[in-house]
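Subject: Structure handover and findings

Dear colleague,

Please find below the structure that I am handing over to you. My notes on what was found in it follow directly after.

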Amino acid sequence: MNETMETLDEKVNGGPAMEIDEIVSVRNHDAFAAKHMPDLGQDIKDFQVFTWRLENWKKLDKKLTSQEFECGGHKWRILLFPFGNSNAPPNDTVSVYLDYAEPKKAPEGWHACAQFALVISNIHDPTVFTVSHAHHRFITEECDWGFTRFSELRKLFNPQDGQPRPTIENDSADISVFVRVLEDPTGVLWHNFVNYDSKKETGFVGLKNQGATCYMNSLLQSFYCTHYFRKAVYQIPTEDDLPTESVSLALQRVFYHLQTSDQPVGTTELTKSFGWKSLDSFLQHDVQEFNRVLQDKLESKMKGTKAEGAIAKLFVGKMKSYIKCVNVEYESSRIEEFNDIQLNVKGMRNLYESFKDYVAVESMDGENKYQAEGFGLQDAKKGIIFESFPPVLHLQLKRFEYDIQRDAMVKINDRHEFPFEIDLAEFLDSNADFSQPWKYKLTGVLVHSGDLHGGHYFALIKPDRDTRWLKFDDDRVTPVTDKEVLEENYGGEPLSALPPTAQRNQVRAMKRFTNAYMLVYIRESAMDEVLAPFTEEDTPPHLKRRLDEERLQIEAKKREREEQHLFLTAKVITDETFSRHEGFDLATFDEKNWPPSDLPSFRVLKQETYSVFKTRVAQHFNYPENQIRLWVLVNRQNKTVRPDTTIPENEANLSKPVEVIRNSMAARQNDLRLYLDVVADPSKEPPPQSIMVFLKHFDTSKQNLLGVGKVYMPRTSKVGDLVPFINERMRWTPGTPLKLYEEIKPGMIELMKPKLSFAQSEIQDGDVICFQVDLPEKEIHDLESQGLHSNPIHFYDFIQNRVMIIFRPKFEDPDHDHPDFSLVLSKKQNYDTMSIKAGEYLRHDPIKLRFTTTHANNGNAKSVLKRSLNQSIGEIMTPYYSSSTVILYEKLDVSIVELETKRSLKVIWTGIHNKEEGTFPFLLPKTNSVHDLADNLAKQVTLSPSGTGKIRIFEIAGNGKAQKEFTGSEMIGNIPDGVDLYAEEIPLEELEADDADKVIGVFHFSRELSRTHGVPFKFVVKRGEKFSETKKRLQARLGVSDKDIAKYRFALIQVSTFKQPSYIEDDDTIYEHQFAPEDVLGLDHIDKTGRAKAGGAEKAIVIRG
């Protein structure tokens, strides 16, 4: 029995013996299969039934197999455990499986998709039976599948549920298997995707998902397969760009990797080039918005290059909005370009109906007659007609709409069909160019699975005329059937004939929410150009060169990692590195709060002989071999790391592998740590009974502690004998008094007694002695009064507790006035010391600095530090476990003490022209009113010379669609934290408005009502004024150019029919609209600020690189 035999829970796989309402005999094969084997929606390749009669059941072996039978070109058999396939008693069940016969003889990579029902039935009465069904992809690793708990034996041996006789009667029964081998046109039906190779199976690779970038991946794959687009992107010059700063280069690199890699390709470089932080990659965005922003960015990058105009040529079409009088010769129209078309799904059965709806003509008659210039009120027809469609047509299906009842955006999951081919000629103006047919072929379906608040995107793409349809689902690419492209993405209820239980379990939950969201059609006459084969010459040589070099480096590093076990690292301390070392021992290796010392390192093959290694070291440091000796450093029991003994240089040792030396002399270390001892005269051995002592100088004036080499001293000589030697080495006046300390271990630094010998002081090879000039009492007092260290004991304590604090500006990008910097502080020091030292660095009064701690994982602001607590640095750092902590600082204009009684506010000033001109910070008493805030703002901003001189302060409400004005009497201390405050100058027109005028709200949006941006404002509408005149006043109010205002569209947004904006024509008079309190005017134009308030919560997509 194969070990991988799976135990299936019968409840999931069709249930135990089915309840029988209309009994069908096991021998009536077709009827029995129809009743007990649900239609899985797959084509059947072959159907066979095999029956195996068993007698003397109670005497059967524990495990037995039937004869083989053939079905669908494969050999099968039944595998039976008459008393259960369980090693643990009680053996009271029957286990039965469908087994693939002789899988080892099958061709490599074989698989068979089979649906089967296993039945045990009475030999005399085939209407008495027990049945279970399942389906499985049979492969070498899973070549049997069935039921470990098929049925309890007692139920088979006794009549059940009113049946006249038991299933097993007189110890005999028939075991039948009904097998349908199913067609697998894609080769991946029921695949578990273990060890699946996208490149090998499809010729394409996927893109890795960074968290929520599947919407981006699906669009990038669609662009990649549009060869004309890929070639245009490759034509942007990027030789001198950096990939994380240049969108063009990063996209070229993604495309090149998709061309050449056999593994899924990463997109982090690309999102970094967009200027996105890692968090942006975890925000689900809208494909349509991303598509528009990316096209805009690439179009600007293509200007002035060979690729200029490629985006417009591929994706831009033209449409005409018109109003045409019925009874007189008059038409008002304007032509606009489009990059995609948004089509309604709700109420539309298919794509053709959506197009018909888009160009539907509205009659303007009765009370709704059109005011035609020179003709008065006229009956008219209003609508949109297409002038041309682009070669690559992006259709956005409006799956997300605003629901007035719920006051929220909802996803429309209605069924909406789309064809493989569509003729769009009938939707074109009669003046269009019909020299080529307007037939379009479907080449891409972008699918959204989920609801409004999230879900998953994937793409179905037909890369060219000859390649089959493929599913690009993040890092996996698989073939799909036509049904998977169309039927499964129409949305709505599935039309398959699955029984309700199977539907409920498997398909329905997915189908309800999985549907097409964007369609890509290519004009048939343009296909050969748009999808022209991609050649080697189409890839820029500089890109290929650059990426091939990187690939070689990656492969070399990978090889290095794979071979790492064959090598060890040798780190060498020299007198030169010791002279720069400030800390314990001769170097820092793995201290928790401090980075390791930067030491010369050697990658040594473990089997390399010591003789070869020593030669390499000598050559590296430029010494003759006979002038160097290497000492091995060991970890002492007191947690110090010190040189212990030299590596002997006898014949036997020189030929030993380095690993053997490491294992025998420094067994507990992974790396080999060495000290390079340079001997001036190799012929002179150190005196017998001498010890090698390392010296460090503590300099009180510089407040540092550095190595000054080593010295050999006889064991019997006195510690005080070091003094003249040190004075000579330091070139100090002979007789300069010194104090000597032994560095025993961190936290144990002891003053030495000069009259004791080195042996009596227990000094051994590799010990460290620290010295300082003996200072008069007054100097010691002066140093300590300045907070400085007067002796090495205090300084060693500082070193033991030192940490690196990195300071960053809280709100500004680092610059000359707000630099990033770091300070070394002791964990025992406190908030006051930190603020004084930071103040000294920034040249700013410490009392006017405010500090905020950060989250260790992402560096975001955490909580403001309170000065009054005066915490220690150690407490401030908790719970950081690294050697450095990031603290954010703010330079304030007031003391942080004063801040506690005042409220800090920022007001965004939009002036008279509804433009964000600047942000003004205020620190005012919490008891001040909003009136007081306006008075303070008036002193800082420039108001119009002949204006009203009045300021309105407001916040934005209604998902960016309306102002919520303050009365002025509110106390600023009561305004909640996190509320964005805005202020504008109240226009003269509004102040002078009389009862006949209407004051309405106006807001900015981009294409979709939920995608608001900018700041809403108030505007006066005048009686009898044509919109062409109203538009001029709006232009003056906004201060925009003629060129820009021409790109604006204006819509009346009625709260009662909030779903659809009603676009306004120049001849309309909006005054005549009966404004409900929440009806507003919407300005539809592109957001150039990048601060959209999409849906009130979703952040707008901005691409900066």
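Rings of Phe, Tyr and Trp, the last taken by its six-membered ring, are counted here as a pair if their centres lie within 6.5 Å. Please keep in mind that this is a predicted model.

Aromatic pairs

By that criterion, ring pairs link Phe338, Tyr352, Phe355, Tyr358, Phe386, Phe389, Phe427, Trp438 and Tyr440 into a cluster. In the structure as a whole, the search finds 49 aromatic pairs. Within the pair formed by Phe389 and Trp438, the ring centres are 6.2 Å apart and the planes stand at 65 degrees, so the arrangement is edge-to-face. Phe389 belongs to the loop between strand E17 (380–388) and strand E18 (392–398), and Trp438 to the loop between strand E21 (421–423) and strand E22 (439–451); the pair therefore ties together parts that are 49 residues apart in sequence. Phe389 is buried at a relative accessible area of 4%, and Trp438 is buried at 6%.

Tyr675 and Phe694 form an aromatic pair that is also edge-to-face, with 5.0 Å from centre to centre and 85 degrees between the planes. Since Tyr675 lies in strand E31 (residues 672–678) and Phe694 in strand E32, this pair ties together parts that are 19 residues apart in sequence. Both Tyr675 and Phe694 are buried.

The sheet that contains E32

Strand E32 leads on to an open sheet of 5 strands, whose order is E33-E32-E36-E34-E35 and whose pairing is mixed. Strand E33 (704–714) and strand E35 (748–751) are at the edges; each has a single partner strand, so one side of each is left without a neighbour in the sheet. On average, and with direction ignored, neighbouring strands of this sheet are turned by 30 degrees against each other.

Two of the pairings may be described in detail. E32 and E33 run antiparallel and are joined by 9 bridges; Phe694 has Lys710 in E33 as its bridge partner. These two strands form a hairpin with 4 residues between them, and Gln703 in the turn has a positive phi of about 55 degrees. Strand E34 (residues 738–745) and strand E36 (residues 767–773) likewise pair in the antiparallel sense, over 6 bridges, and here Glu743 stands opposite Val768 in E36.

Helix H21 (residues 792–801) packs on this sheet and touches strand E32 (690–699), E33, E34, E35 and E36; the direction of H21 makes about 120 degrees with that of E33.

The loop between E35 and E36 holds Ser757, which counts as buried at 10% relative accessibility. Leaving aside residues up to four places away in sequence, Ser757 touches Arg715, Thr716, Ser717, Lys718 and Val719. The C-alpha atoms of Ser757 and Lys718 are separated by 4.0 Å, although these residues are 39 apart along the chain.

Helix H1

In helix H1 (residues 29–36), the buried residues are Phe32, Ala33 and His36. Viewed down the axis of H1, they fall within an arc of 95 degrees, so they line one face of the helix. Asp30 and Ala34, on the other side of H1, are exposed. The cover over the buried residues of H1 includes strand E2 (44–54), strand E7 (112–121), strand E8 (129–138) and strand E10 (173–182).

Positive phi values

Most residues other than glycine have a negative phi. Asn56, which is not a glycine, has a positive phi of about 50 degrees. Asn56 is placed in the loop between E2 and strand E3 (64–65) and is partly exposed, with a relative accessible area of 48%. Gln689, also not a glycine, has a positive phi of about 60 degrees. Gln689 is found in the loop between E31 and E32, and at 59% relative accessibility this residue counts as exposed.

Cysteines

The structure holds 0 disulfides. For Cys71, the closest cysteine sulfur is that of Cys113, and the 13 Å between the two sulfurs is too far for a bond. Cys71 is buried, with a relative accessible area of 0%, and Cys225 counts as buried at 4%.

With kind regards

Key
Residues numbered from 1 in each chain as written. Predicted model: local features only at pLDDT ≥ 70, side-chain atom pairs only at ≥ 80, totals over all residues. Heavy atoms only, no water. Pairing = 2+ DSSP bridges. Axes fitted to C-alpha atoms, helices over the stretch in contact; angles between N-to-C directions. Contact = heavy atoms within 4.5 Å. Disulfide = S-S within 2.5 Å. Buried < 20%, exposed > 50% of the residue type's maximum accessible area, 1.4 Å probe, protein only. Arc of directions from axis to C-beta. Phe/Tyr/Trp six-rings, centres within 6.5 Å; stacked < 30°, edge-to-face > 60°.
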